[in-house]
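Please look over the sequence and the model, then read the points below, which are grouped by topic.

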Amino acid sequence: MMERPIPLQADLFTGELVDTRSRDQRRADRDRQQPQQQLLFSQREIAQFGVRANPVMPFSPGKLKLISEDTRSEDEIEQERLREAQRQTVPMFDDQSRDTPSPSQPIPTPSIVWLNREDLLNCRPDLSEAISKLTDRELEFMGTLLLSSLRHFYSLQLETILILHLEII
């Protein structure tokens with residue numbers, strides 16, 4: 001299918017080329033450029049003249065389309081979603097750090113966070129060139145920003161855990 005060029009006319013005052021088609025003409029051209037679904041059966045194959053159907057179906061019920069049906073049960077679909085989510089999830093901690101701290105142990109709070117370029121590259125591999133150009137001072141500044149946001153997140157989570165533990169809602 002060969003595309004027709006859009007007819008442009010020169011503006012009388014500015015001399016620029018302007019699309020002067022109406023909204024309906026532009027919509028019709030846009031619809032013509034979209035891929036069209038082919039009919040599954042011809043009209044002759046759908047309707048048989050001289051045959052009385054019961055119940056009566058109109059001659060042109062609309063376009064027949066193929067649809068894909070998922071034959072899996074709800075449990076199978078949910079298990080597949082869970083497997084896919086686990087496959088895409090990166091573990092946040094090592095296995096030895098999964099132990100929950102006891103209430104008597106103080107939680108250390110760091111005063112500075114060091115960022116490795118490798119961690120940044122793992123997070124955003126598309127920015128490898130810009131990450132390699134970062135100076136140590138810029139990494140230290142980004143670590144300070146990260147520490148600030150972690151402290152804020154820590155205080156929000158601590159408040160939530162406190163409320164849940166003391167059942168104050």
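**Briefing on the predicted model**

L134 touches R117, L120, L139 and M142, leaving aside residues up to four places away in sequence. The structure is a predicted model.

**Overall layout**

- Read from the N terminus, the elements of the protein chain follow the order β-β-α-α-α-α-α-α.
- Of the 169 residues in the protein chain, 7% are buried.
- Among contacts in the protein chain with a separation of 6 or more, 36% join residues 24 or more positions apart.

**Nonpolar core**

- The largest nonpolar core consists of 5 residues, namely L115, L120, I131, L134 and L139.

**Surface**

- The protein chain has an accessible surface of about 16,700 Å², and carbon and sulfur atoms account for 57% of that surface.
- L40, F41, L64 and L66 form a nonpolar surface patch of about 400 Å².
- F41, a member of this patch, is located in the loop between α1 and α2 (43–46).
- The relative accessible area of F41 is 42%, and F41 is therefore partly exposed.

**Salt bridges**

- The whole structure contains 10 salt bridges.
- One of them pairs R124 with D126, with the closest N and O atoms 2.8 Å apart.
- R124 is partly exposed because its relative accessibility is 39%, whereas D126 counts as exposed at 54%.
- Through salt bridges that share partners, D19, R21, D29 and R32 are joined into one network.
- Within this network, D19 and R21 form a salt bridge whose closest N and O atoms are 2.8 Å apart.
- D19 counts as partly exposed at 24% relative accessibility, while R21 is buried at 14%.
- D29 forms a salt bridge with R32, and the closest N and O atoms of this pair are 2.5 Å apart.

- D29 belongs to helix α1, which covers residues 23–33.
- R32 also lies in helix α1, 3 residues from D29, or about one turn of the helix.
- D29 has a relative accessibility of 17%, so it counts as buried, whereas R32 is partly exposed at 45%.
- Leaving aside residues up to four places away in sequence, D29 touches R4 and R21.

Note on methods. Residues numbered from 1 in each chain as written. Predicted model: local features only at pLDDT ≥ 70, side-chain atom pairs only at ≥ 80, totals over all residues. Heavy atoms only, no water. Helix = DSSP H or I, 4+ residues; strand = E, 2+ residues; numbered from the N terminus. Buried < 20%, exposed > 50% of the residue type's maximum accessible area, 1.4 Å probe, protein only. Contact = heavy atoms within 4.5 Å. Core = buried A, V, L, I, M, F, W, Y, C linked by side-chain atoms within 4.5 Å. Areas by Shrake-Rupley, 256 points an atom, 1.4 Å probe, with all protein chains shown as cover. Patch = residues over 30% accessible without salt bridge, like charges linked within 9 Å, V, L, I, M, F, W, Y side chains within 5 Å. Salt bridge = Lys/Arg side-chain N within 4 Å of Asp/Glu carboxyl O.
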